[in-house]
Amino acid sequence: MSERVVVIGGGVVGASAAYHAACAGATVTLVDREDSGQATAAGAGIIAPGTSLRPLPAFFPFAYAAVAAYPALLDRLAADDAGETGYRTVGALFVAASAEVSHLSEAEALFTERWRAGAPNLGRVARLDEAAARALFPPLAAPGGALYLPDAARVDGRLLRDALRRGAERHGATPLHGSAQPVREGDRITGVRVDGRILPADALIVAGGAWSGDLGETLGIPLPVAPQRGQILHLDLPGQETADWPIVVGFVDHYLLTFPGGRVVAGATRETGSGFDPRITAGGVHQALGQALGLAPGLGGATLAEVRVGLRPASPDGLPILGPVPGLRNAYLATGHGPSGLQLGPFSGALAAGMALGAPLPAGLDLAPLAWERFAAG
């Protein structure tokens, strides 16, 4: 009989775990409550970790491995006819306002060093003048300076999640809507209770996003994952074909990226302490719109088509929580990805599936900085 794996959480991490476990021949059940505010459902992801300036150093080796794994995953999903993911290499503009130009050479040197060291999804860095930058992204403000990173990519969170779910189901996984509670006996999880029904489990993967912390008591550990609200604007530019416009990032956390059909995504707020509140707020829209129009005033005539709200699963140090649950022989964590869920989540889910089925980790990959035990030490 094949291993029975239950995955709690149907965002991109849980969907990836279910997909990879099902592909490996396990009997998989993917349990999802479909909570309002699921981060994956709101997200539009920048797949270029080398452009990040603020994460802890431990972020980068894992992120580079995660992004390097994307092409094989996309090929596998295509072979399974799982559907569109929205993934596309479009390049990125790293722009500096006039007051930030003095720091641009520093950023250029950093990105060049990372590219030469093998960071994926960067490419050879080029310095652009105003005309060249605006030719690539016409609504852009006249930048003080800009760098072009040709290999950056983006993805649509909803499309990627749905492709992973479809792929999992085509390999035999069973989706189940409901609220899940692990059943523990000694040092093992023996099943998962879903709305009064108990599903037997040989292995459990916890990928519940911002709601993962609710399961900590049953697992016997405090699980420090808290929701961080992100409000993301979707703008429409009628008559414009935006599919190949580059991502726009800079020295601030806000960004712009595009999809076909004149769609421009502007994000995103990072509202720590928001609680489980998925409302659209006047302040959040004002902040995201102000940043968007500051970067690209040419978007002033766009239609505000939609505002999406995601509750990111934030850990105290901003790094994912990935690995075995201490004290349990058959339970694994894959949560706490914060704003990097679409960059890191598919890889995290694949690793969690592998751990649940006893597969070795990829050679050279060190998950110690992401283990739950780092919080016990504190």
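**Close-up 1. Surroundings of Asn330 in the predicted model.** In this predicted model, Asn330 touches Asp187, Arg188, Ile189, Ala201, Asp202, Ala203 and Leu204, leaving aside residues up to four places away in sequence. Asn330 itself is found in the loop that lies between strand E20 (321-324) and strand E21 (331-335). With a relative accessible area of 3%, Asn330 is buried, because residues under 20% are counted as such. Among the residues that Asn330 touches is Ile189, whose backbone oxygen lies 2.7 Å from a polar atom of the Asn330 side chain.

**Close-up 2. The open sheet formed by strands E10, E11 and E12.** Three strands make up an open sheet, in which the order is E10-E11-E12 and the pairing is antiparallel. Strand E10 (180-185) and strand E12 (197-200) are the edge strands, each of them pairing on one side only. From one strand to the next, the twist averages 35°.

**Close-up 3. The hairpin of E10 and E11.** Strands E10 and E11 run antiparallel and are joined by 6 bridges; together they form a hairpin with 2 residues between them. In the turn of this hairpin, Gly186 has a positive phi of about 65°. Across the pair, Arg184 stands opposite Ile189 in E11, and the backbone oxygen of this Ile189 is the atom that lies 2.7 Å from a polar side-chain atom of Asn330.

**Close-up 4. The pairing of E11 with E12.** Strand E11, which comprises residues 188-194, is joined to E12 by 4 bridges, and the two strands run antiparallel. Within this pairing, Val192 stands opposite Leu199 in E12. E12 is one of the edge strands of the sheet, whereas E11 stands between E10 and E12 in the strand order.

**Close-up 5. The crossing of helices H4 and H7.** Helix H4 (residues 70-79) and helix H7 (residues 157-170) have axes that come within 10 Å and cross at roughly 60°. The crossing in which H4 passes H7 is left-handed. On the H4 side the contact is made by Tyr70, Leu73 and Leu77, and on the H7 side by Leu160, Ala163 and Leu164.

Methods:
Residues numbered from 1 in each chain as written. Predicted model: local features only at pLDDT ≥ 70, side-chain atom pairs only at ≥ 80, totals over all residues. Heavy atoms only, no water. Pairing = 2+ DSSP bridges. Axes fitted to C-alpha atoms, helices over the stretch in contact; angles between N-to-C directions. Buried < 20%, exposed > 50% of the residue type's maximum accessible area, 1.4 Å probe, protein only. Polar contact = N/O pair within 3.5 Å; in protein donor to acceptor, adjacent residues only side chain to side chain. Contact = heavy atoms within 4.5 Å. Left-handed = near helix turned anticlockwise from the far one by under 90°.
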